[in-house]
Amino acid sequence: MAQEKLDPELLRRIKLVEDPAYEGQPLNNKDYAALVIVGIIIPFLLMVWGWSL
């Protein structure tokens, strides 16, 4: 396999992703509520709506 040099911008971004300090703040209650609404409640309502048609 040929060794290719990676783009410097790509290397910079990879280093940022690997840095644990770059992860941001932990999720709070508002974030978890939004995840539940978008990930569970809305799909459930769409399924019920689809079954009722």
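Predicted model: local features only at pLDDT ≥ 70, side-chain atom pairs only at ≥ 80, totals over all residues.
Local features were considered at pLDDT of at least 70 and side-chain atom pairs only at pLDDT 80 or more, whereas totals for chains, interfaces and linings use all residues. Residues are numbered from 1 along each chain as its sequence is written, and side-chain values rest on heavy atoms, with hydrogens and water left out.

The protein chain contains 2 helices and 0 strands; these elements are DSSP runs numbered from the N terminus, with helices (H or I) of at least four residues and strands (E) of at least two. Helix α1 spans residues 8–18, and helix α2 spans residues 29–52. Along the principal axes, the C-alpha atoms occupy a box of roughly 55 × 35 × 15 Å.

Two C-alpha separations illustrate these dimensions. Glu-4, located in the segment before α1, is 13 residues from Val-17 along the chain, and their C-alpha atoms are 21 Å apart. Asn-29, in helix α2, is 14 residues from Pro-43, with a C-alpha separation of 21 Å.

Of the 53 residues in the protein chain, 0% are buried. Here, buried denotes under 20% relative accessible area, exposed over 50%, and partly exposed the range in between (1.4 Å probe, protein chains only). Glu-4 is exposed, at 68% relative accessible area, and Asn-29 is likewise exposed, at 69%. The protein chain exposes about 5500 Å², of which carbon and sulfur atoms supply 66%.

The protein chain carries 5 positive and 7 negative side chains, and the centres of the two sets lie 5 Å apart. Lys and Arg count as positive and Asp and Glu as negative, while His and the chain ends are not counted; each charge is placed at NZ of Lys, CZ of Arg, CG of Asp or CD of Glu.

The structure holds 2 salt bridges, defined by a side-chain nitrogen of Lys or Arg within 4 Å of a carboxyl oxygen of Asp or Glu. In one of them, the closest N and O atoms of Arg-12 and Glu-9 are 2.6 Å apart. These residues lie 3 positions apart in helix α1, and about one helical turn therefore separates them. Arg-12 is partly exposed, with a relative accessible area of 44%, as is Glu-9, at 31%. Arg-13 also forms a salt bridge with Glu-9, with a closest N and O distance of 3.0 Å. Arg-13 and Glu-9 are 4 residues apart in helix α1, again about one helical turn.

Technical notes
Areas by Shrake-Rupley, 256 points an atom, 1.4 Å probe, with all protein chains shown as cover.
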